[in-house]
Amino acid sequence: MTAISRETILIAPIGDFDADILYAVEKMVPRIFGMPCRIEPLLDDIGFAWNAERRQFHSTAILAELSGKAPIDAFKVIALTRKDLFIPILTHVYGEAQLGGTSCIVSTCRLTSGISTVGQRSLYLERITKETAHELGHTFDLRHCKDHQCLMHYCRSIGDVDAKSSQLCRYCEVLLNDQLKREGRR
Ligand SMILES: [Zn+2]
Ligand SMILES: [Zn+2]
């Protein structure tokens, strides 16, 4: 038997990101998921996912590309982009994940809504970490949660994002721990 080598959650920024954004996500991963993480870009050009009609990027196409590029030690991949993302049935998405799969992505594009990303920096960082935790949760097979305070609550608006806490509810935490055990992580 060989030991499982996929030990890390990879944070893969697409393009340049301020260090404090990456640092905030880097702190969130062990806090919520109890796993180590590291930062390593996997994609720099997402032109293949561009939809000229909508003038947005199709997130599902990016997820497939990320999973194909994930290094051997990466258990999950969280990509970050500043570009606006969509899936065909919605006008835009804050992010998307492969449910129970490898990859997820979060766009910071709409998370700036209604705030100054300089003057309200901590609120901006909070939005980003909430959404990355939410999408990463989906890769651990967590579904949407009815609890408005829970990280896995589905947010229709930026107000919903601000209203939820930075924690999983007790129910989702149990589901996550079960999943981590199932995958040999706990
Ligand atoms: Zn979701
Ligand atoms: Zn929950």
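Helices (H or I, at least four residues) and strands (E, at least two) are DSSP runs, numbered from the N terminus. This is a predicted model: local features need pLDDT of at least 70, side-chain atom pairs count only at pLDDT 80 or more, and totals for chains, interfaces and linings use all residues. Residues are numbered from 1 along each chain as its sequence is written, while chains are lettered from A and ligands numbered from 1 in the order in which they are written.

Start with the loops. Asp141 sits in the loop between helix 3 and helix 4 (158-163). Its phi is positive, about 70 degrees, although Asp141 is not a glycine. Most residues other than glycine have a negative phi. Asp141 is partly exposed, with 16 other C-beta atoms within 10 Å. (Buried means 20 or more such atoms, exposed 12 or fewer, partly exposed in between; C-beta atoms are placed from the backbone.) Arg55, in the loop between strand 3 (50-51) and strand 4 (56-58), also is not a glycine and has a positive phi of about 55 degrees. Arg55 counts as exposed because it has 9 C-beta neighbours inside 10 Å.

Now the helices. Helix 1 and helix 3 pack at about 45 degrees, with axes 9 Å apart; the axes are lines fitted to C-alpha atoms over the stretch in contact, and angles run from 0 to 180 degrees between N-to-C directions. Residues in contact have C-beta atoms, placed from the backbone, within 7 Å. The contact includes Val25 of helix 1 and Thr132 and Leu136 of helix 3.

Finally, Ile78. This residue touches Val25, Thr132 and Leu136, among others, not counting residues up to four places away in sequence.

Definitions and conventions:
Two residues are in contact if their C-beta atoms, placed from the backbone, lie within 7 Å.
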